[in-house]
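These are my notebook entries on a single chain and its fold. I set out to look up some helix packing and the surroundings of a few residues.

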Amino acid sequence: MDALDEIKEFLACETPDSWIEAALQNQDIMLIDHAHCEKKAASTAMNLMFRYVDRLDLLNKMSRLAREELIHFEQVLAIMQDRGVVYDHMSPARYAAGMRQHVRTSEPGRLIDLLIIGAFIEARSCERFAKLAPFLDDELAKFYRSLLKSEGRHYQDYLGLAADYAGEPIEERVAFFRAVESELIESEDDEFRFHSGAPSFMTSKASAV
């Protein structure tokens, strides 16, 4: 089983076709929000490094992850600049916050949950890059395919750290967040974002035909 097949098996659902259609019709928004996502991913890794200073494996993996995410951020900005897309503020999708509201408050449960959520975010990003690539222009398709390896490794890093630090099986907690993540992806969203659910405006248009 290759990394992408493993990720598809890890996730409970595939990205809805309506989201792909919305992404193709809103590529400027997709790129702007993608840049925000890369920056937030670096910030998340840095926050974990500052909060859990006594965990050497976490420090090393999150340091590498943060550097890679910032490189991706710069790469997205360069593509946007070439295309005349202006980087600006953008309201976030409900996706990450929707999962983080279930994070336990006591340790080590808090750390385990944050790491599992990180695994799902990276896995979903990887799945979406792969699903989008066949429909994009050559430059963007090549770039998104180039991200699959690193995003897949980030998913594995997060999940591996969660398993290492839990001190007990994490399957039940993973299954809980798998259900939460799937509901966020398959339920309707009013705004299009890189991690938004099925766009309600696309559903409305389809039902009006």
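The entries below record what I looked up in this predicted model.

**Entry 1: α3 against α6**

I began with helix α3, residues 27–51, and helix α6, residues 109–132. I found that their axes come within 12 Å and cross at roughly 155°. An angle over 145 degrees counts as roughly antiparallel, and α3 and α6 are therefore roughly antiparallel to each other. I noted the crossing of these two helices as left-handed.

I then listed the residues that make the contact. From α3 these are Met-30, His-34, Glu-38, Ala-41, Leu-48 and Arg-51. From α6 they are Arg-110, Leu-111, Leu-114, Leu-115, Glu-122, Phe-129 and Leu-132. Sorted by class, the contact of α3 with α6 holds eight nonpolar, one polar and four charged residues.

**Entry 2: α1 against α6**

I turned next to helix α1, residues 3–10, which also packs with α6. The angle between α1 and α6 is about 120°, and I recorded their axes as 10 Å apart. That angle makes α1 oblique to α6. The crossing of α1 with α6 is left-handed.

On the α1 side, I found Leu-4, Ile-7 and Phe-10 in the contact. On the α6 side, the contact is made by Ala-119, Phe-120, Ala-123, Cys-126, Glu-127 and Ala-130. By class, I recorded eight nonpolar, no polar and one charged residues for the contact of α1 with α6.

**Entry 3: Ser-187**

Is Ser-187 buried or exposed? I located Ser-187 in the loop between α8 (171–186) and β1 (188–189). Its relative accessibility is 16%, and because buried means under 20%, Ser-187 counts as buried.

Which side chain makes a polar contact with the side chain of Ser-187? I found that of Arg-94, at 2.6 Å. Leaving aside neighbours within four places in sequence, Ser-187 is in contact with Arg-94, Gly-197 and Ala-198.

**Entry 4: Ser-200**

With a relative accessible area of 12%, Ser-200 is buried. I recorded a polar contact of 3.0 Å between the side chains of Ser-200 and Asp-190.

With which residues is Ser-200 in contact, leaving aside its neighbours within four places in sequence? I listed Glu-188, Asp-189 and Asp-190.

Definitions and conventions:
Residues are numbered from 1 along each chain as its sequence is written. This is a predicted model: local features need pLDDT of at least 70, side-chain atom pairs count only at pLDDT 80 or more; totals for chains, interfaces and linings use all residues. Side-chain values use heavy atoms; hydrogens and water are left out. Axes are lines fitted to C-alpha atoms, for helices over the stretch in contact, and angles run from 0 to 180 degrees between N-to-C directions. Helices (H or I, at least four residues) and strands (E, at least two) are DSSP runs, numbered from the N terminus. Angles under 35 degrees count as roughly parallel, over 145 as roughly antiparallel, 65 to 115 as roughly perpendicular and the rest as oblique. A crossing is left-handed if the near helix is turned anticlockwise from the far one by less than a right angle, and right-handed if clockwise. Contact means heavy atoms within 4.5 Å. Ala, Val, Leu, Ile, Met, Phe, Trp, Tyr, Cys and Pro count as nonpolar, Asp, Glu, Lys and Arg as charged, and the others, Gly among them, as polar. Buried means under 20% relative accessible area, exposed over 50%, partly exposed in between (1.4 Å probe, protein chains only). A polar contact is a pair of N or O atoms within 3.5 Å; within protein, one must be able to donate a hydrogen and the other to accept it, and residues adjacent in sequence count only if both atoms are side-chain atoms.
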